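Please look over the model shown here before reading on. The paragraphs after it are meant for someone meeting this structure for the first time.

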Amino acid sequence: MLEVRHLSKSFGDRVAVADVSFVAETGRTLGLLGPNGAGKSTIVNIIAGVLRPDRGEARVHGAAVDSDTSPAKRLVGFVPQDLALYEELSARDNLRLFGSLYGLAGAELDARAASALGVARLSDRARDRVETFSGGMKRRLNIAAALLHEPRVLLLDEPTVGVDPQSRNAIFDTLAELRSGGMTLIYTTHYMEEAERLCDRIVIIDHGRVLADDTLDGLYARLPAHARPVQQVVTVRPTLESVFLELTGHRLRDD
Amino acid sequence: MTHRLAAMRALVAADLQIFFRDRRSVILNLVTPLAIAGLFGMVFGGGGSAPAGRLAIAVVDQDGSAISRAVAAGLAAEKTLAVSSLDEPAARDLVLKGKVRAAVVLPPGFGEAAGRAFLRSTDRPRVAVLYDPSQAATLAMVQGLLTQHVFTAVTGELFSGDGGTRLIDESLASLDTQGTDAAVTADLRELLTRARSLNERNRSQGGAGTASGGGLSVPFEVGDEPVTSGSTPYNAYAHATAGMGVQFILMMGIEAGVGLLLLRRRGLWLRLKAAPLARGTLLTARVVSAALMSLVMLAVLYGGATLLLGVRVDGSLAGFLGIAVAFALTTAAFGLLIAALGGTPEATRGLAIFATLVMVLLGGGWVPSFLFPAWLQQASLALPTSWAIGGFEAMTWRGLGLAEALPTIGALLAFTTVFLVIAVWRFRWDVASR
């Protein structure tokens, strides 16, 4: 479980986060929604221990993320918005390096790296340099690198930016598996359809403040009566993405 | 502690792997300094066996007297000079174009006036030395040689030349009109009379008639001895290797610092900070990897210089290694300082390269520092480059011992400490989120 209590953070005169609190239950996916500059990444960075809050705290399974070497950081996996990989190194060397930072070594490190490569569906490209990968492959490896130490909470900061539908679907499948395995996911995005598809609970943020914190149904219920979804018999039109995937297939395109 | 060390080892290994996988970087950092050191060393005298180049000067003899001809001949006979005989406009033009370093202009009446001035307190003739201001150091050398040959030529003419008796007779005749003390006048008369007698004897013996023979000469010979370690002669490549090594290793330090600035722009920085590692671990890993790269560069550079340029560690090997390690740490700390104080990577790189080139120049990496003004030579001691270059020279061709290396090692470690303290103090850890 992740608890965020009264987080505040400013950069100079700019208030990035103001008194933000929420709770993410174990094995659930919590979506952080907001426009650009709303403060989503700052919140995620604070939870990851990358930034220190001015006030408030984040607790992972009761342990505070309050220092560079806090044990709570071992419970958190972090997928930054920008690709966080050494382009000059191979996929496996990247994973071995990041595993080493969490105290993994030897056969255990090799096994975890191999497993993470499998999750990213990149086992056959393990020895290739990351700079030769497509955008989708890099995004999948970016996620895999956060899983090596088997975190209890996974922070994903807009992890599908710039990927093709096949890779996005593969990422969604992976996240679903992780959640079913008991991992708590914090997912920031400004793609509403992604939030609807993945999240059990959604926190809407703007100007660094929480505007809403509820389930999807709860959020719908907040709408004025005339704007709420109503049950009616309609012909469901397929999405363009479903047409695209039907025509191009779900198979990953890593060539 | 084990986790911290393992993490640091992994970070250092990644840095080294990335560095050595970039072929361009490897060539730039390992081969180029050796090539430039070879070039510089060759220009500044090579391995010590090659004869030094002659200094090109011109002599303009507007007098044509026995004395002026003797002076010109004396200068032409100097091993260190390559003398051209020209008229003044041509000589002035060549000096202006940098084709000759200096031109000596012996004016009309020079021989007569110089001989007269030697015997009496009459006006001395003025010899113009036209020189290239960009080669001002050669002026003193030309003036010294000119003085020597004028002295020899004038005394030679007085004691054995045809014109010498006339000049002596003029001086004897003028003694009574000078109004000096009678006793002094008597002594001078006797001296000049004996000089005239010597002149006549010399001429009657057939060795006279020229200004070059029978004159006074410099009463000593110079036995020059280059002071080195004793086992090998001075090797200009050793100086050039030290200078270029220091320069290129500092350049690598700049790249390490700029690399850290670039890293902060990327998600990688966030991932590294998200790991349960102390800030000190992250920075130390960076320092260690940069220091190791510096040591590899030094090893390759001096290995290559040993094989190809004949550079040897004739002094203390322990001292040499100590200076190498200390300078490697200084370089790593310098890189961290750049990352701490730098703005954008692009602007920081340009500024840091400029600062490094100035430091290497003032440290004597390009030209010997004795050419600098005295105050600048003192001021350059505030630069790590000056210490490092001097230290490497001391342990190579100068052949000095460990005791001489210790002050250099201490100074470099002091620079390292100062750089690190400022870097850690000023390093911006937090990066504003989007």
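This is a predicted model: local features need pLDDT of at least 70, side-chain atom pairs count only at pLDDT 80 or more; totals for chains, interfaces and linings use all residues.

Residues are numbered from 1 along each chain as its sequence is written, and chains are lettered from A and ligands numbered from 1 in the order in which they are written.

Chain B holds 16 helices and four strands, where helices (H or I, at least four residues) and strands (E, at least two) are DSSP runs numbered from the N terminus. The radius of gyration of chain B, taken over C-alpha atoms, is 32 Å, well over the 22 Å that the globule rule (2.2 Å times the number of residues to the power 0.38) gives for 434 residues, so chain B is more spread out than a compact globule. Its C-alpha trace spans about 105 × 45 × 40 Å along the principal axes. An automatic or database domain assignment gives chain B domain 1 (2-47 + 236-426) and domain 2 (55-204), and the centres of these two domains, taken over C-alpha atoms, are separated by 55 Å.

Turning to the interface, 33 residues of chain A are in contact with 24 residues of chain B, contact being C-beta atoms, placed from the backbone, that lie within 7 Å. Helix 1 (40-48) and helix 2 (91-100) of chain A each supply at least two residues of the side that touches chain B, and helix 1 of chain A gives the most, with four residues.

Methods. Two residues are in contact if their C-beta atoms, placed from the backbone, lie within 7 Å.
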